[in-house]
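Me: Hi! Could you walk me through this protein model in plain words?

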Amino acid sequence: MATSFLSTPFAPPHPRHRNRFQQHSHSTDLPQFKHLNLTRSSFLLTVSPSSHFRLFAFPPRRSNFAVQALDSDAPNQGSVSVGRSQSYQQWDSLTSKFSAAANIPFLLLQMPQIILNARNLLSGNKTALSAVPWLGMLTSLLGNLSLLSYFAKKREKEAMLVQTLGVVSTYVVLVQLALAETMPLPYFLATSVVVISGLVLNFLNYFGLLNAELWRFWEDFITIGGLSVLPQIMWSTFVPYLPNSILPGATSFVIALLAVTLARTGKLSEKGVKFVGGISGWTATLLFMWMPVSQLWTNYLNPENMKGLSAFSMLLAMLGNGLMLPRALLIRDFMWFTGSTWATLFYGYGNIACLYLLNIISKEFFLAATGGLILWIGTTFWRDSVVHGYSSPLASIRDLIGS
């Protein structure tokens, strides 16, 4: 991984590196450094997530040196606490591995559709691909891109990989739909430009190689795009019970454009600017949170269609989102934890429960999924409370909500 620069004096390193930082923080007291007359404010801390920390003496930066982007969220926050326990470090490392392991069920979740589409294309059965809604796939793609930007800014490498996999795998499906001519070519070309640009910009920003103006433009784009799409998707879920209209999306687009313009021109308060900056992450999370609502509503209207729903796919969805819960809880990321919990309970487990109630899956399958989920969530909260030295898991929930 590349090196990033935090210009705030002695900005807190990632938890997994704190002990290493503390062990070497006394180095400026050595005799060979006495003549340098160094102060805390004259240091620029170089953070290398995959290796180590180096301190370089630089003159203090001018206050207006960097042009800041809208604050969608800062990298992992928290004060540098003295003496992180070994159990905390072990759990920190383990939760990162859990988050990375989520790539496996998410990849398996998408691969059957990709393989089936490829078979239909090779056999000349293009009409079969019309069963895959390209608009829904496009919405999912926008959500993945928005969350990729969110986690890139927080420097959560494992979560970035999950979202990158989501972007790439969804784009592959869209390529297949474009080849089958079920997705209009102009929409596909525009989507391709957004996908390629989004991936390049996010990884350039992660490695500290991106111009601030370009990053601000990208953040504005995903903020306006996400806020425009979300109300429209919510409205469309309940058609024909609601009239078919683009009014929700159009209204949201105008509001989002106005909010971003006011934030950029300095017409909003500091809290207002921070709120606008956080919109893209929350709209992406709410898009994914709405997916189980849409699925459960469809189940309610057409319960006979549940027979076409794969219990194994729902189990993979539950596993993928559940594997990210410990990491989201440990770093006290309320948005990430909320989205993952919602998807685990209502998309994965919720659909498994529906399949059981309709006698589509066996009682043993349902009980195994239920028991495994309860055990996993219980272990997550118990372990988090232990590494933080709390007597009750409720303290972890309190910290999470207050973060």
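**A look around the model**

Reply: Happy to! Let's start with Asn144, which counts as buried because its relative accessibility is 7%; buried means under 20% relative accessible area, exposed over 50%, and partly exposed in between, using a 1.4 Å probe and protein chains only. This is a predicted model, where local features need pLDDT of at least 70, side-chain atom pairs count only at pLDDT 80 or more, and totals for chains, interfaces and linings use all residues. Residues are numbered from 1 along each chain as its sequence is written, and side-chain values use heavy atoms, with hydrogens and water left out.

Me: Which helix is Asn144 in, and what does Asn144 touch?

Reply: Asn144 sits in helix α4. Helices here are DSSP runs (H or I, at least four residues), numbered from the N terminus. Leaving aside residues up to four places away in sequence, Asn144 touches Gln163, Gly166, Val167, Thr170 and Phe288. Contact means heavy atoms within 4.5 Å.

Me: How about confidence, what is the mean pLDDT?

Reply: The mean pLDDT is 80, and 79% of the residues reach 70 or more. That score is the predictor's confidence in each residue, from 0 to 100. Over residues 1-72 the pLDDT is below 50, and this stretch has 122 contacts in the model beyond near neighbours in sequence. Residues 77-83 also have pLDDT below 50, with 12 such contacts. Where pLDDT is low, the predicted coordinates should not be read in detail.

Me: Okay, new topic. Which residues touch the most other members of the largest nonpolar core?

Reply: Those are Ala102, Phe151, Met160, Met324, Trp336 and Phe337, in a core of 28 residues. A nonpolar core is a set of buried Ala, Val, Leu, Ile, Met, Phe, Trp, Tyr and Cys residues joined through side-chain atoms within 4.5 Å. At least two residues of this core come from each of α2 (86-101), α4, α5, α12, α13 and α14 (363-387). α4 gives the largest share, five residues.

Me: And what does Ala102 touch?

Reply: Not counting residues up to four places away in sequence, Ala102 touches Val162, Gly320, Leu323 and Met324. There is also a second, separate core of 21 residues, which includes Leu141, Val173, Val195 and Trp218.

Me: Where is the kink in α13?

Reply: The kink is centred on Gly350 and is about 35°. The bend at a residue is the angle between axes fitted to the seven residues ending there and the seven starting there. α13 has 24 residues and spans 32 Å from its first C-alpha to its last, close to the 34 Å expected at 1.5 Å a residue. The expected span is 1.5 Å times one less than the number of residues.

Me: What follows α13?

Reply: Asn359 does, and its phi is positive, near 60°. Arg332 also has a positive phi near 60°, and it lies in the loop between α12 (325-330) and α13 (334-357). Arg332 is buried because its relative accessible area is 14%.

Me: What is the phi of Arg155?

Reply: Arg155 has a positive phi of about 60°, although it is not a glycine. Arg155 is in the loop between α4 (134-154) and α5 (157-179). Most residues other than glycine have a negative phi, and most peptide bonds are trans.

Me: Last one: is the peptide bond from Val239 to Pro240 cis or trans?

Reply: The bond from Val239 to Pro240 is cis, with omega near 15°. Pro240 lies in the loop between α7 (212-237) and α8 (247-264).
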